[in-house]
Amino acid sequence: MRALLLDAPGSPDTLRRAELPVPEPGPGQVRVRVEACGLNPVDYQVAAGGHPDWSWPHVLGLDVAGTVDAVGAGVTDPSPGQRVAYHGDLRAPGGFAEYALADATTLARVPDALDPVVAAALPCAGMTAHQAVVRRLRVAAGHTVLVTGGAGGVGGYAVQLAALAGARVIATASAGNAEHLRKLGADEVVDYRAEDVHARVRELTEGRGVDAIVDTVGPDSATAGLALLAHGGGVAAVAGRPDLTAVAPFGTAPSVHEIALGAAYSHGDERARATLSSTLTELFALVGDGRLDPMVARALTLEEVPAGLTELAGRHVRGKLVLSLA
């Protein structure tokens, strides 16, 4: 099979195309003929230092959509020929290849009408946003939500999910992305390059602050966000947890939710891994109903993936880049 290989820790431009044997599924696994695979920041971030559980060379790519090709021992569902998608185990070979192996528990059925490129755009970013907005922060009508880095994959999905919940959504982004975010459902967009985000959010909320923050930027941003929370508000930290010592105890009483989607494999049980399937199924339904924009920016060939990851590392990609092998 064709694949992109990472021979040693390094940058995306070190990836090379090569031929590998088609893998055989083990107990509890299925083999998927890959039709599409989403690109995510974690690909280049972990590639830079490698992972202790990887064997070399390694195949990157966590978000796969395709067709079940074979099943391992003990797997009765799904069966060969069924269309599926999943968010994979970071420790295992991924989907920048023509075939990949997956834990059968984590698979979500892809509706017949859903394009594989769209299906592969959703898992990592969409499920992270869903876990932050729906499962952890429990955003509801009447809430005010701040989404930092709103034009990225997680940020864009978080804006949409918060808006669908009936919340007032404030997002940070560069001025060039303001109209895009308003179309996704943001009520206000703060230009982080030209405005004082803290002062502007306080102004927009008449000094009250926000009920919830989805922070996609990093620990410093998440820490700064603590000062913007109304009493009892919460932060969902996607890119690093905040420093709680920045706020006095027994005051605003913030809750902090660390989002670690892939840790369902390394630190979770079968129930945790099954949640990956159910969450992705919910997202597919929202896309099918036209309520969620999958935000596919561009489909790439296998040869274009290294340049796509480099572009993603520049942190100015709007929406999702997806490898298409269909």
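**Exercise 1. Place Asn177 in the chain and state which residues its side chain and its other atoms meet.**

Step 1. Asn177 sits in the loop that runs between strand E9 (168–173) and helix H5 (178–184). The model is a predicted one.

Step 2. The relative accessibility of Asn177 is 16%. Buried means under 20%, so Asn177 counts as buried.

Step 3. Leaving aside residues up to four places away in sequence, Asn177 touches Ala151 and Arg318.

Step 4. With Arg318 there is also a polar contact: the two side chains are joined at 2.8 Å.

**Exercise 2. Determine whether Thr148 is buried or exposed, and list what it touches.**

Step 1. Thr148 belongs to the loop between strand E8 (144–147) and helix H4 (153–164).

Step 2. Its relative accessibility is 8%, so Thr148 counts as buried.

Step 3. With residues up to four places away in sequence not counted, the contacts of Thr148 are Thr172, Val214, Asp215, Thr216, Val217 and Ser221.

**Exercise 3. Locate Pro12 and find which residues it touches.**

Step 1. Pro12 is in the loop between strand E1 (2–5) and strand E2 (16–19).

Step 2. At 13% relative accessibility, Pro12 falls under the 20% cut-off and counts as buried.

Step 3. Not counting residues up to four places away in sequence, Pro12 touches Tyr44, Pro306, Leu309 and Thr310.

**Exercise 4. Describe the two ends of helix H6.**

Step 1. Helix H6 covers residues 197–204. At its start, a side-chain oxygen of Asp196 comes to within 3.1 Å of the backbone nitrogen of His198.

Step 2. After H6 comes Glu206, which has a positive phi, near 55 degrees.

**Exercise 5. Classify the aromatic pair and compare the burial of its members.**

Step 1. The count of aromatic pairs is 1.

Step 2. This pair is Trp54 and Trp56, with ring centres 5.6 Å apart and planes at 80 degrees. Planes over 60 degrees apart count as edge-to-face, so the pair is edge-to-face.

Step 3. Trp54 has a relative accessible area of 7% and is buried, whereas Trp56, at 37%, is partly exposed.

**Exercise 6. Describe the largest cavity and its lining.**

Step 1. There is 1 cavity of 30 Å³ or more. The largest cavity holds about 60 Å³ of space.

Step 2. The lining consists of Val42, Asp43, Trp54, His58, Val59, Leu60, Gly61, Leu62, Leu90, Ala92 and Gly94. Trp54, buried at 7%, is thus named here as well as in the aromatic pair.

Step 3. By class, the lining residues of the largest cavity are 7 nonpolar, 3 polar and 1 charged.

**Exercise 7. Describe the second largest pocket: how much space does it hold, and which residues lie closest to its centre?**

Step 1. The second largest pocket holds about 400 Å³ of space.

Step 2. It is lined by 26 residues, and those closest to its centre are Ala92, Pro93, Gly94, Ala100 and Leu101.

Step 3. The lining of the second largest pocket divides into 18 nonpolar, 6 polar and 2 charged residues.

Methods:
Residues numbered from 1 in each chain as written. Predicted model: local features only at pLDDT ≥ 70, side-chain atom pairs only at ≥ 80, totals over all residues. Heavy atoms only, no water. 1 Å grid on protein atoms, 1.4 Å probe; cavity = no way out; pocket = protein on both sides within 12 Å on 5 of 7 lines; lining within 4 Å. Points joined across faces, edges and corners; volume = space filled by probe spheres on them. Nonpolar A, V, L, I, M, F, W, Y, C, P; charged D, E, K, R; others polar. Helix = DSSP H or I, 4+ residues; strand = E, 2+ residues; numbered from the N terminus. Buried < 20%, exposed > 50% of the residue type's maximum accessible area, 1.4 Å probe, protein only. Contact = heavy atoms within 4.5 Å. Polar contact = N/O pair within 3.5 Å; in protein donor to acceptor, adjacent residues only side chain to side chain. Phe/Tyr/Trp six-rings, centres within 6.5 Å; stacked < 30°, edge-to-face > 60°.
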